[in-house]
Amino acid sequence: MITYEFYSEEYGGTLITLEEFPKASFLAEETYRNFTLKPRLTEKLLQENESGANAIRFALCEIMDNNKRGEDLLEKAYQNDQLSALGVRSEGVKDHSLSFEASKELKSNNINEEIAQTNAQTMRKYLFRYGLLYRGL
């Protein structure tokens, strides 16, 4: 549905590299399909409605950026989750110390929920007026 040229030139995206693009676009398209559940209407808009096609493509680009930002946050959250799971509360070396608060709630779960909510908001922003979204969104 989108190309790297569209992502970088039309949308102005800079977070995804050419090497990362195939995976990022696949994940964005899967997210899109899970939210819309209307493949025939999608094809019709892509082929017959320039405004609708651009809305779909811009939504996909924004979802790719949302996912990329989320990946970066998740990496840090997983580290935090591991420290929490180990029960590390503080660590000191000479004149330098670190303190961590042990938590029962995983930060990575919160970030995954935020990514899903941000992607849902993106879909509503671009696609609501085209009737592509299923009732649950």
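Colleague: Is Glu-29 buried or exposed?
Modeller: Glu-29 is buried, at 13% relative accessible area (buried is under 20%, exposed over 50% and partly exposed in between, with a 1.4 Å probe and protein chains only). Bear in mind that this is a predicted model, where local features need pLDDT of at least 70, side-chain atom pairs count only at pLDDT 80 or more, and totals for chains, interfaces and linings use all residues. Residues are numbered from 1 along each chain as its sequence is written, and side-chain values use heavy atoms, leaving out hydrogens and water.

Colleague: Thanks! What is Glu-29 in contact with, leaving aside its neighbours within four places in sequence?
Modeller: Met-1, Ile-2 and Leu-60 (contact means heavy atoms within 4.5 Å).

Colleague: And where does Glu-29 lie?
Modeller: In helix 2 (helices are DSSP runs of H or I with at least four residues, numbered from the N terminus).

Colleague: Which other residues of helix 2 are buried?
Modeller: Among them are Phe-21, Ala-24, Ala-28, Tyr-32 and Phe-35.

Colleague: Which residues are exposed on the other side of helix 2?
Modeller: Pro-22, Lys-23 and Asn-34 are exposed there.

Colleague: New topic: at what angle do helix 2 and helix 5 pack?
Modeller: About 70 degrees, with their axes 11 Å apart (axes are lines fitted to C-alpha atoms, for helices over the stretch in contact, and angles run from 0 to 180 degrees between N-to-C directions).

Colleague: Which residues make that contact?
Modeller: Helix 2 brings Thr-31, Tyr-32, Phe-35 and Thr-36, while helix 5 brings Ala-116, Asn-119, Ala-120, Met-123 and Leu-127.

Colleague: Last one: what follows helix 2?
Modeller: Leu-37, with a positive phi near 55 degrees.

Notes. Helices (H or I, at least four residues) and strands (E, at least two) are DSSP runs, numbered from the N terminus.
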